[in-house]
Amino acid sequence: MKFWETFRFEIGYQGRRGSTWLYFVLLLVVSFHMARDVFVAEAVEGGYFLNAPFAVAQVTLVACILSLLALSALAGGAAARDVETRMHPILYTAPVSKADYLGGRFLAAFALGALITATIPAGILAAALLPGDHANLMGPIRPAAYTSAYFLLALPNTFVAMALMFSAAVFCRRGVASYLGAAFVLFAAIVSRQVLAEMMGYWDLAKLTDPLGLTMFGELSMVWTPGEKNALVVGPQTWLLSNRLVWLGVALGVLALTYFRFRFEHIGVDGRRRWGRRRAGARYDT
């Protein structure tokens, strides 16, 4: 019961903030603009439609990178707001377990992050329905391309990134630490694609160590023909599914470590940690 109370409180708190809906609108507009105007040259040169499944995945992955800033703000606020606002002496002595407190906060932040990243396929679909000057570059709308882009690309990326961001903020007791999680995700993706794959030739390893799936997409861009880019959906490929399982496992492992290492401790004005629970209330820590 307290889990859902924590969840509802966090949803309500962050849902009332104007910045949350600003992120929502901005990502929708950016996704729409990229799908309709930004990648026109690539589509013409590659011989595929602007709304081909390959193009839908391309815009989705770029938009996922851009969404890291918004996701960092959500995760950092959920993880460290109590300490930063000096409300933790009250909340840490409440009869709430670690599972309820951390789980409710993280699930609420992830739910909002999932809602924000849902604007990516929505913006791409809107671009296909409102092509503007590029109607001749639009092909048939493939619903599977949009559902796969969200459930196999955007949503797993959101979960992995927010797990790392949330855990970083919890450990450091600072919301800004969530941006370290975002930096790690982006750095790992770039190193996997450009260093392991392109420079060293370890494509199989790079496809697993890339948390965003950029390496797998880069390989498909080189081996798929224009007809395959128009017809085949990006997502169900074996290597990509393996990548999703690996990084979902990493994210769950990080969240488990965060749970076991977290303590309800007060942070004093001198920066020292003090136990925030009375011995009689220790039963609520697990």
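Arginine 173 lies in the loop between α8 and α9. Helices here are DSSP runs of H or I with at least four residues, strands are runs of E with at least two, and both are numbered from the N terminus. This is a predicted model, in which local features need pLDDT of at least 70, side-chain atom pairs count only at pLDDT 80 or more, and totals for chains, interfaces and linings use all residues. Residues are numbered from 1 along each chain as its sequence is written, and side-chain values use heavy atoms, with hydrogens and water left out.

Arginine 173 is not a glycine, yet its phi is positive, at about 60 degrees. The residue is also buried, with a relative accessible area of 6%. Buried means under 20% relative accessible area, exposed means over 50%, and partly exposed lies in between, with a 1.4 Å probe and protein chains only.

Now the chain as a whole. Its secondary structure comes to 13 helices and two strands. Of its 286 residues, 51% are buried. Contact means heavy atoms within 4.5 Å. Among contacts with a separation of 6 or more, 76% join residues 24 or more positions apart.

Next comes the core. A nonpolar core is a set of buried Ala, Val, Leu, Ile, Met, Phe, Trp, Tyr and Cys residues joined through side-chain atoms within 4.5 Å. The largest one has 71 residues, and Phe106, Ile124, Met162, Met165 and Phe166 touch the most other members. Helix α8 (residues 143–172) gives the most to this core, with 17 residues. Take phenylalanine 166. Leaving aside residues up to four places away in sequence, phenylalanine 166 touches Ala75, Ala78, Ala79, Leu102, Arg105, Phe106 and Leu255. Phe166 also belongs to one aromatic cluster with Phe106, Phe110 and Phe159.

A pair of aromatic rings is described by the distance of the centres and the angle of the planes. Rings of Phe, Tyr and Trp (its six-membered ring) pair if their centres lie within 6.5 Å; planes under 30 degrees apart count as stacked, over 60 as edge-to-face and the rest as tilted. The whole structure holds 13 aromatic pairs. Phenylalanine 54 and phenylalanine 217 make a stacked pair, 4.6 Å centre to centre with 20 degrees between the planes. Phenylalanine 54 lies in helix α4 (residues 53–84) and phenylalanine 217 in helix α11 (residues 214–223), so the pair ties together parts that are 163 residues apart in sequence. Phenylalanine 54 is buried at 2% relative accessibility. Phenylalanine 217 is buried at 11%.

Tyrosine 101 and phenylalanine 262 are stacked too, 5.9 Å centre to centre and with 20 degrees between the planes. Tyrosine 101 sits in helix α6 (residues 98–117), and phenylalanine 262 in the loop between α13 (238–261) and β1 (265–267), so this pair links parts of the chain 161 residues apart. Both tyrosine 101 and phenylalanine 262 are buried.

Charges meet rings as well. A charge sits over a ring if NZ of Lys or CZ of Arg is within 6 Å of the ring centre and within 35 degrees of the ring normal. Lysine 229 lies over the face of phenylalanine 54, 4.7 Å from the ring centre. The charged end of lysine 98 sits over the ring of tyrosine 259, 4.6 Å from its centre.

Helix α11 is mostly covered, with seven of its ten residues buried. These are Leu214, Thr215, Met216, Phe217, Gly218, Glu219 and Leu220. Their cover includes α4, α9 (178–199), α10 (203–209), α12 (226–231) and α13.

Proline 226 lies in helix α12. At 38% relative accessibility, proline 226 is partly exposed. Not counting residues up to four places away in sequence, proline 226 touches Gly46, Gly47 and Tyr48. From proline 226 to alanine 43 is 183 residues in sequence and 9.3 Å in space, C-alpha to C-alpha.

Alanine 43 and Tyr48 also line the largest cavity, together with residues including Ala35, Phe39 and Leu50. On a 1 Å grid over the protein atoms alone, a cavity is a set of points where a 1.4 Å probe fits but cannot get out; lining residues have an atom within 4 Å of a point. The largest cavity has about 40 Å³ of space. Helix α4 gives the largest share of its lining, four residues.

Methods. 1 Å grid on protein atoms, 1.4 Å probe; cavity = no way out; pocket = protein on both sides within 12 Å on 5 of 7 lines; lining within 4 Å. Points joined across faces, edges and corners; volume = space filled by probe spheres on them.
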